[in-house]
Each structure stands twice: as structure tokens, then as C-alpha cells.
Amino acid sequence: MKYSRPVYYLPLMIILLTFIFLVSRAIAMDALDQKIGQMIMVSYSPDTAFEDTLHYDLEHRNLGGVILYRFHLNDPVQIGELTSELQEKADTPPFIATDQEGGFVARLDETNGFAETYTAYHLGTVIDKEDSTRHQAQMMAQWLYDSGINTNLAPVVDVNVNPSSPAIGYLDRSFSSQPHKVFDHAQWFISEFEKLNVTTALKHFPGHGSAEQDSHLGFTDITSTWTDSELVPYRELISNGYSGMVMPGHLYNADLDPVYPASLSESIITDLLRDSLGFEGVVISDAMFMRAITNNYSFEEAIVLAVNAGTDVLLYTSNEYNGRSLVAEVIRIIRQHIDTGVIAQARIEASYQRIMALKEKFTGISPLARRIVPDHFSLRIYPNPFNISTHIQIDMNKAGPVSFSVYDISGRQLHLKRFAWLSEGKHIIPFDASTLASGVYITKCKAAGTIRFEKM
């Protein structure tokens with residue numbers, strides 16, 4: 001006997017397939033939202049409801065980065081606790097950034113437990129010596145590393161064309177009026193930060209040093225003052241393998257783009273910076289709430305233009321917009337314009353890949369590896385024996401303050417290093433022994449009331 005299928009079979013299949021399609025689409029949409037989240041960096045106001053919103057954005061919206069200003073940074077212990085908390089909230093390690101140029105623009109200084117620093121102009125023009133620039137850069141890089149800040153929005157590679165330029169020359173933020181000297185000092189500066197896996201950002205492409213206005217305050221036209229020589233530091237750094245970030249300025253140059261400022265210009269970001277100069281790394285915007293943008297473009301328009309121009313990370317000085325999460329608003333706007341075909345999804349994929357490649361390079365860990373916590377506190381030295389330098393690996397099963405010291409065999413202390421706060425996980429600290437005589441030394445490391453010794 002032949003049996004026919006129940007009459008309800010086809011409708012059930014349609015319902016099931018529709019359900020599967022909707023679930024798959026929801027998963028794909030969520031994955032895309034997570035990628036967009038990586039394209040956003042925000043700041044926040046401490047001790048407000050939007051500090052909690054920041055934590056939610058890190059936990060649930062995959063926020064890509066947080067920028068810290070002077071009012072966030074009280075002292076080394078507090079800074080370490082803050083950056084550790086931010087890292088712990090996120091599944092994907094965030095960029096934790098600040099502006100540590102030196103001189104007038106230095107978020108870590110003598111007022112919050114660090115030290116006074118020279119301006120870029122003093123290093124590059126007054127002193128103009130490699131060892132001086134490297135020494136200050138190494139010192140500041142160590143401060144950031146010890147504090148848990150992994151991104152420095154510096155150096156300024158603007159050429160000091162106009163010493164009275166209100167945002168650059170007037171504040172001594174440029175190394176030199178000579179493009180090749182700017183390249184030299186910027187290269188030395190960057191090298192010291194990269195040794196400690198702190199990424200940097202060149203600013204302000206294609207050059208802010210000739211400007212007669214300040215883009216923080218409004219429209220800044222460099223058409224009649226800018227020259228191609230201002231590209232020299234970028235061209236030389238990129239050709240020498242620079243792989244950090246580049247920050248375009250909110251600078252209008254009619255000869256490069258007759259319509260848009262550099263930060264919103266596909267001609268400048270994609271055609272000039274990427275295609276002509278060969279930069280393959282992450283492009284981060286200057287602050288999107290600067291008046292050069294807000295006086296001329298709506299919040300939504302600026303987002304769409306910046307993304308389509310080739311910007312990978314959108315930087316905001318707040319995480320609040322009209323009483324809501326700014327991160328959620330940016331994700332919504334970008335998703336809406338992907339759905340309508342104004343923004344290609346391939347643009348998001350390209351930015352996400354560049355961001356993740358940079359994070360893996362400079363954090364030294366993948367998002368999954370970051371979650372591996374050692375079973376116990378341990379100390380390891382490698383290579384051991386060694387000649388001039390080695391590495392001290394500290395495995396932390398619990399976050400907290402750490403100190404390690406080096407003694408000779410007579411018990412005399414030769415070196416002491418303190419960290420206000422190290423997060424759970426593996427930490428590798430380079431150790432320079434070039435000033436020590438050949439012999440046997442003892443390393444002592446203390447964390448969470450536990451002490452470990454190693455012979456080297």
C-alpha cells in the first residue's frame with residue numbers, strides 16, 4: 001500500500017527553513033556588529049552612568065578601544081587598576097590609548113607620579129641627538145607598558161613649517177622644520193615603543209605643520225601653505241616598514257581633494273596614503289567631535305564619509321551621544337548604511353582584518369590566548385645562561401602589584417623594578433645586563449605575598 005505524506009509536511013518544512021534562515025541571519029548580523037565594534041575607540045566621563053555603559057560596550061558590543069586623558073590618570077597604582085579592569089571586561093583585547101608625545105602633550109607627567117618630559121621640538125631641534133630622543137622615548141614607553149597602556153597616539157610627524165601654527169609649532173609638538181630630521185627622530189621614538197609592544201600612531205596626515213588654524217576649533221585650510229615635502233616623514237617611515245597606525249588630520253587641501261578634509265577623503269586616505277605611499281596598516285581618525293568636523297558635518301554623515309574614505313578606527317572623546325551609548329549608535333548607523341548599500345560590507349571586513357592583525361602583533365596574544373590564566377605564580381628566565389640581555393617571564397595566576405630585583409652572590413641589590421599592577425596571564429620583561437660583570441646572579445620576584453627566586 002502507498003502512503004501519501006501528511007498535508008502539513010510542506011508548510012512545516014517552510015516554517016523550519018524560514019526559522020533556520022532567520023537564526024543564521026541573526027548570527028551573521030551579530031558577527032558583523034561585533035566587527036564594527038572593533039572599529040570604534042571612545043573615552044568616557046568617570047563616576048557617571050556612562051562609565052558603566054563603557055563596561056557594557058566592552059563586554060557586549062566588542063568595543064575596540066578606549067582612550068584615556070589626563071583626568072582619568074591619577075597615579076601609577078590607580079592607572080594599573082583601571083587598565084586591568086578595562087582589559088578584563090573585553091573578550092578581544094582593546095587598544096588602551098593615550099597621547100604621550102612629551103612636553104605640553106603628555107598625559108603621564110610629574111603631576112601624577114611620573115616625570116617632566118621634553119617637547120618634540122626640544123629633542124629634535126635644540127638637542128638633536130639620537131641617544132636623547134631614544135632615552136626619553138624608552139622612559140615613556142616603559143611608563144605606558146607598566147601602566148597597561150598599549151597604544152600611544154604619537155609621535156607627531158608634522159614638519160615645523162610654521163612655528164606659529166596654533167596646534168603644532170606654537171606648542172613645540174614638531175621635531176623639526178627639516179623633513180628628514182622629523183623622520184629620524186620619529187623613527188627613534190617609534191623604535192623604543194615597539195620594543196615594549198606599545199603601538200604608535202603617526203599624526204596628522206598629510207601634514208598639519210603649515211596650518212594657520214587649529215582643527216580643534218574649526219575649519220582648517222592648508223591649501224596655500226602645504227607642500228609635498230610634508231609627506232617625507234610618512235613616505236620614509238612607511239618605506240622602512242612602519243606598521244603601526246596613521247592618523248589623518250581634519251585638514252582641507254583643495255589640491256588633494258576639492259571637497260572633503262583629509263579625515264573624510266577617499267582621495268587622501270585610500271588613493272594617497274594607501275595606494276601611493278603603500279601604507280597597509282590601521283588608519284585611525286582624529287577626534288570626530290573636533291569642530292572642524294562637527295561644524296560642517298552631521299554625526300551620521302561624518303561616520304559614513306570616514307568609513308568609505310578608508311578609516312579603520314573612529315575615535316571619539318566621549319561614549320555618550322544624545323543620552324545613549326555612542327558605540328551602539330555608531331554600530332546602528334554603519335549597519336543601516338550597509339543594509340542600504342551605501343557602505344560595502346567588504347569595507348568592514350578589510351578594517352577588521354587590519355585591526356586584528358595589529359592587535360595580535362603588538363599585544364603578542366590572540367583574543368583566545370588572553371583568557372588562559374596560569375595555575376600558579378611562577379618566574380622563568382630565558383635564555384639562561386645569556387650574554388648581554390635576557391627575558392624575565394612572570395606568570396600571574398592573580399592580578400596585582402609585582403616587584404623583581406637582581407642581586408649578586410654577596411647579596412648586594414643591583415636592580416629593582418616595580419609594577420603597580422600586572423594582570424593575570426604571562427608577562428615578558430626584557431632585562432639588559434650589559435653593565436653587569438660576567439657571573440652568577442639571583443633574581444627575586446614578589447607578587448601577592450609570594451616570592452620566587454631564580455639563578456641566572
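Q: Which residues of helix α6 are called buried?
A: The buried residues of α6 are Pro179, Val182, Phe183, His185, Ala186, Trp188, Phe189, Ile190, Glu192 and Phe193. Buried means under 20% relative accessible area, exposed over 50% and partly exposed in between, with a 1.4 Å probe and protein chains only. This is a predicted model, in which local features need pLDDT of at least 70, side-chain atom pairs count only at pLDDT 80 or more, and totals for chains, interfaces and linings use all residues. Residues are numbered from 1 along each chain as its sequence is written, and side-chain values use heavy atoms, with hydrogens and water left out.

Q: What do the buried residues of α6 pack against?
A: They pack against β4 (100-102), α4 (120-127), α5 (130-147), β6, β7 and α7 (232-239). Contact means heavy atoms within 4.5 Å. Helices (H or I, at least four residues) and strands (E, at least two) are DSSP runs, numbered from the N terminus.

Q: Why is Ser378 called buried?
A: Ser378 has a relative accessible area of 19%. The cut-off is under 20%, so Ser378 is buried. Ser378 lies in strand β13 (residues 378-382) and touches Gln393, Ile394 and Asp395, not counting residues up to four places away in sequence.

Q: What makes β6 and β7 a pair?
A: Two strands pair if DSSP finds at least two bridges between them. Strands β6 (residues 151-152) and β7 (residues 199-205) have 2 bridges, in the parallel sense, so they meet this requirement.
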